[in-house]
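Please read them with the structure open beside you.

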Amino acid sequence: MKGATSQRGFTYLGALFFVALLGSALALAGELWSTQAQRDREEELLFAGRQIRNAIASYYEGVPVGQQRRFPLKLQELLEDKRWPTVRRHLRRLYVDPMTGAADWELIVAPSGGVIGVRSRATTRPLKRAGFDEDEEAFDQAASVGDWRFSAAMSGAGSKAPGAAAPSTGGSGN
């Protein structure tokens with residue numbers, strides 16, 4: 001009988017070891033999933049930010065004859081540019097900030113007025129630290145994804161804009 005009790009103890013210890021090992025494996029899988037999810041959100045942020053930046057540059061450059069170039073006063077103007085006889089669309093939809101899950105972009109406002117760019121309100125430390133587009137070299141040293149500024153001043157078209165060199169932040173995306 002003494003041998004049967006000893007065997008049950010080893011079985012119990014084996015089961016505890018298995019549960020601990022399974023818990024560790026699940027924790028590791030959760031960490032990997034979380035890291036991959038953040039990488040995916042960062043890629044979505046780069047895509048959305050670039051789309052908005054390009055739309056702002058398109059809005060600025062695509063001015064009707066007889067009107068002065070200007071930046072949009074709000075992001076909704078990129079969806080429907082009513083400066084033309086027929087509506088022009090520089091963006092098909094207003095992108096949600098994938099880091100916050102809402103269309104709550106922090107607007108970068110040009111000194112001369114109007115929205116020159118956007119940035120995320122998230123304070124998450126970025127996983128991506130290199131391999132950015134040529135005009136996004138400053139992203140390498142960013143302390144948070146909120147420091148990734150998608151400004152038309154960074155692109156060739158928007159850099160010709162008066163007052164585009166020193167953007168300031170403020171406002172909201174709505």
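Predicted model: local features only at pLDDT ≥ 70, side-chain atom pairs only at ≥ 80, totals over all residues.

1. Start with R69, which is partly exposed at a relative accessible area of 41%. The side chain of R69 meets that of E61 in a salt bridge, 3.2 Å from N to O. E61 is partly exposed too, with a relative accessible area of 23%.

2. **Overall layout.** The protein holds one helix and four strands. Along the sequence they follow the pattern α-β-β-β-β. The helix, α1, covers 2-61. Strand β1 spans 106-109 and β2 spans 115-119. Strand β3 covers 150-151.

3. **Burial and surface.** The protein has 174 residues, and 36% of them count as buried. The accessible surface comes to about 10,300 Å². Carbon and sulfur atoms account for 56% of that surface.

4. **Contacts along the chain.** Take the contacts between residues at least 6 apart in sequence. Of these, 56% join residues at least 24 apart.

5. **The core.** Which residues of the largest nonpolar core touch the most other members? They are I52, L75, L78, W105 and W148, out of 31 residues in that core. Helix α1 and strands β1 and β2 each supply at least two core residues. The largest share comes from α1, with nine residues.

6. **W148 in detail.** Leaving aside residues up to four places away in sequence, W148 touches E42, L45, L46, V118, R119, P126, K128, F132, F139 and A142.

7. **The β1-β2 hairpin.** Strands β1 and β2 pair in the antiparallel sense, over four bridges. V109 has V115, in β2, as its bridge partner. The two strands form a hairpin with five residues between them. In the turn, G113 has a positive phi of about 105 degrees.

8. **β2 as a covered strand.** Is β2 mostly covered or mostly open? It is mostly covered: five of its five residues are buried. Strand β2 also runs antiparallel to β3, and two bridges join them. G117 stands opposite S151 in β3. As background, side chains in a regular strand alternate between the two faces of the sheet.

9. E43 is partly exposed, with a relative accessible area of 42%.

10. The side chains of E80 and K82 meet in a salt bridge of 4.0 Å, N to O. E80 counts as partly exposed at 36% relative accessibility. K82 is exposed, with a relative accessible area of 63%. Elsewhere, R50, R53, D133, D135 and E136 are linked in a network of salt bridges.

11. **E137.** E137 lies in the loop between β2 and β3. At 55% relative accessibility, E137 counts as exposed. The cut-off for that label is over 50%. E137 and W148 are 11 residues apart along the chain. Their C-alpha atoms are separated by 9.9 Å.

12. **The nonpolar patch.** Which residues make the nonpolar surface patch of about 470 Å²? F10, Y12, L13 and L16 do. F10 lies in helix α1. At 59% relative accessibility, F10 counts as exposed.

Methods
Residues numbered from 1 in each chain as written. Heavy atoms only, no water. Core = buried A, V, L, I, M, F, W, Y, C linked by side-chain atoms within 4.5 Å. Buried < 20%, exposed > 50% of the residue type's maximum accessible area, 1.4 Å probe, protein only. Contact = heavy atoms within 4.5 Å. Areas by Shrake-Rupley, 256 points an atom, 1.4 Å probe, with all protein chains shown as cover. Patch = residues over 30% accessible without salt bridge, like charges linked within 9 Å, V, L, I, M, F, W, Y side chains within 5 Å. Pairing = 2+ DSSP bridges.
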